[in-house]
Amino acid sequence: MCRVKMWLKVFSMTLLALCTGVNASNLDRYEGYNKYTVFHDNEDAFNYLVDLQTESAELDFWLLTRNMSVVAVSPTEQPIFEARLNTLNAQYVAKPLMEEMSAFNETFTTDCLGSECELNRPRRQARGFFSHFPRYSEILNFMSALAARHPQYCRYESLGRSFEGRHIAALSISLNSRVRDRRVAYIQAATHGREWITPLTVLYLANELLNNLRAFQRVLQDVEVFLVPLVNPDGYEYSFTKDRFWRKNRHRYPGRSCAGVDINRNFPNNWNYNGASQNLCSEVYSGTGPTSESETAAIARYLEYNRNRIKLSLDVHSFGKFLFYPYGYSKNVVAPTRNLLHSVAQRAANQIAKYRGTQYSVGTSAGILYEASGGLDDYAYGNLGIPMSFTVELPGENFQVATSDIIHICKETFAGFVEFIRHVSLY
């Protein structure tokens, strides 16, 4: 009996790690860390936090808005950080980070046994995929399987390779894959390794479109939907195996202990102008130059080659429940088509809210969060002339979404994606 109990305990712990991706090895370095939720309603406190985010390698900013921030702080930095917040009259709530992560130790059950599972496998395969956080190889297998099942409507390809040699895989979906559509809706995700929920929303879109083509014929008329679910496969894998909250790619520099470039600061629009750093150890290190990274260069090549066909660019991130449009590099610069961009984003937000009431804030990242340059949205709109360019920040209280909530985030976000794609027909 004791052996059975021990086996069940080991099995449940293994299943937990497989489903949530949370395990000892990728959280080891966060022992003693606190998660600080900081409330700041004055400019001095906000500017202090913006400076810290840009230059400090000891603090990891999960969210930074004009009146509230979420920061993971190492044990050695906590006294200094708290003292400075007190000086600035900024209120905060500190919680042990490991305690935060333990909230995701859910109980997992299966709803079929033995031969019943085998009988239901084709029907259950997609549903099961959206009940956990898949690794890189599983994502690629899912993408290739979709293309194999729908060869007339879906093409599986690679835009290039990451720093460590992994494919930057893509899916092209259209009503006839042999015909070159006049318009393209481009959507990418997982620019930051730790944002595990983001590729699932893009793959859910692919799965739903391909399995319900008749229902979406009008939306897809003369439109190609081009999806890159995993822009940063190296960082994504590293966040499973070594560091749960790894943000950057895995570019390593000889003789340097710090690694990685923030791909979201590496696009060539006002590169390194605001909200970016030339400190290699910074979370927002912008690289040695615009598109210095193999991942950024692969995306830029595709976008530049297809710039006259692409009418929509979406960059999917987490977390915060925001829909951003250009410009993000400066709050003093207004996009010429600002009213159209705001209207389209608001309509997408309205569609998302219909599922379960999730409310998104709409605006520029410079206005709602902070000024940051080198992102895809500014590059696609400002450099390439893509008329509709947006960044989506998905829901969540941190980067670890409960597995039971994955499908709900996918479904509500799907409604927003479809609304964005509908507007491609305007061009």
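Reader: Which residue stands opposite Leu63 in β3?

Author: Leu63 stands opposite Val70 in β3, and the strands concerned, β2 (59–64) and β3 (68–73), pair in the antiparallel sense over 5 bridges. Strands (E, at least two residues) and helices (H or I, at least four) are DSSP runs numbered from the N terminus, and two strands pair if DSSP finds at least two bridges between them. This is a predicted model, in which local features need pLDDT of at least 70 and side-chain atom pairs count only at pLDDT 80 or more, while totals for chains, interfaces and linings use all residues. Residues are numbered from 1 along each chain as its sequence is written, and side-chain values use heavy atoms, with hydrogens and water left out.

Reader: In what order do the strands of the open sheet of 4 strands come, and what is their pairing?

Author: Strands of a sheet pair through backbone hydrogen bonds, either parallel or antiparallel. Here the order is β2-β3-β1-β4, and the pairing is antiparallel. Because β2 and β4 stand at the edges with a single partner strand each, one side of each is left without a neighbour in the sheet. From one strand to the next, the twist of this sheet averages 20°.

Reader: Which strands does helix α3 touch where it packs on the sheet, and which does α4 touch?

Author: Contact means heavy atoms within 4.5 Å, and angles, from 0 to 180 degrees, are taken between N-to-C directions, with axes fitted to C-alpha atoms (for helices over the stretch in contact). Helix α3 (residues 43–55) touches β1 (34–39), β2 and β3, and its direction makes about 125° with that of β2. Helix α4 touches β1, β2, β3 and β4, with a direction at about 10° to that of β1.

Reader: How should I read the sheet of 8 strands, and which are its edge strands?

Author: Its order is β5-β6-β8-β7-β9-β12-β10-β11, and this open sheet has mixed pairing. The edge strands are β5 (154–161) and β11 (361–363), each of which pairs on one side only; the twist averages 20° from one strand to the next. Within this sheet, β6 (residues 167–173) and β8 (residues 223–228) pair in the antiparallel sense over 3 bridges, and Ile173 has Val225 of β8 as its bridge partner.

Reader: Which strands do helices α8 and α15 meet?

Author: Helix α8 (residues 197–211) lies across β5, β6, β7 (183–189), β8, β9 and β12, and runs at about 135° to β9. Helix α15 (residues 403–422) packs on the sheet by touching β7, β8, β9, β10 and β12, and its direction makes about 160° with that of β9. Helix α15 also packs with α12 (residues 338–356), at an angle of about 145° and with the axes 8 Å apart. Among the residues making that contact are Val344, Ala348 and Ile352 of α12 and His408, Ala415 and Phe420 of α15.

Reader: How many cavities of 30 Å³ or more does a search of the whole structure find, and which residues are the closest to the centre of the largest?

Author: Rolling a probe the size of a water molecule over the atoms shows where empty space is left. On a 1 Å grid over the protein atoms alone, a cavity is a set of points where a 1.4 Å probe fits but cannot get out, whereas a pocket is an open set with protein on both sides within 12 Å along at least five of seven lines; lining residues have an atom within 4 Å of a point. Points are joined across faces, edges and corners, and a volume is the space filled by probe spheres set on them. The search finds 1 such cavity, and the largest cavity has a volume of about 430 Å³. Of its 30 lining residues, Asn264, Arg265, Leu369, Tyr370 and Glu393 are the closest to its centre. Strand β2 gives the largest share of the lining, 4 residues.

Reader: What is the volume of the second largest pocket?

Author: Its volume is about 340 Å³, and of the 18 residues that line this pocket, Arg29, Ala57, Trp246, Cys281 and Glu283 are the closest to its centre.

Reader: Where is a cis peptide bond, and which residue other than glycine has a positive phi?

Author: Most residues other than glycine have a negative phi, and most peptide bonds are trans. A cis bond joins Ser318 and Phe319, with omega about 15°, and Phe319 is in the loop between β9 and β10. Another cis bond joins Pro326 and Tyr327, with omega about 5°, and Tyr327 is in the loop between β10 and α12. Asn89 has a positive phi, near 55°, and is placed in the loop between α4 (78–87) and β4 (91–96).
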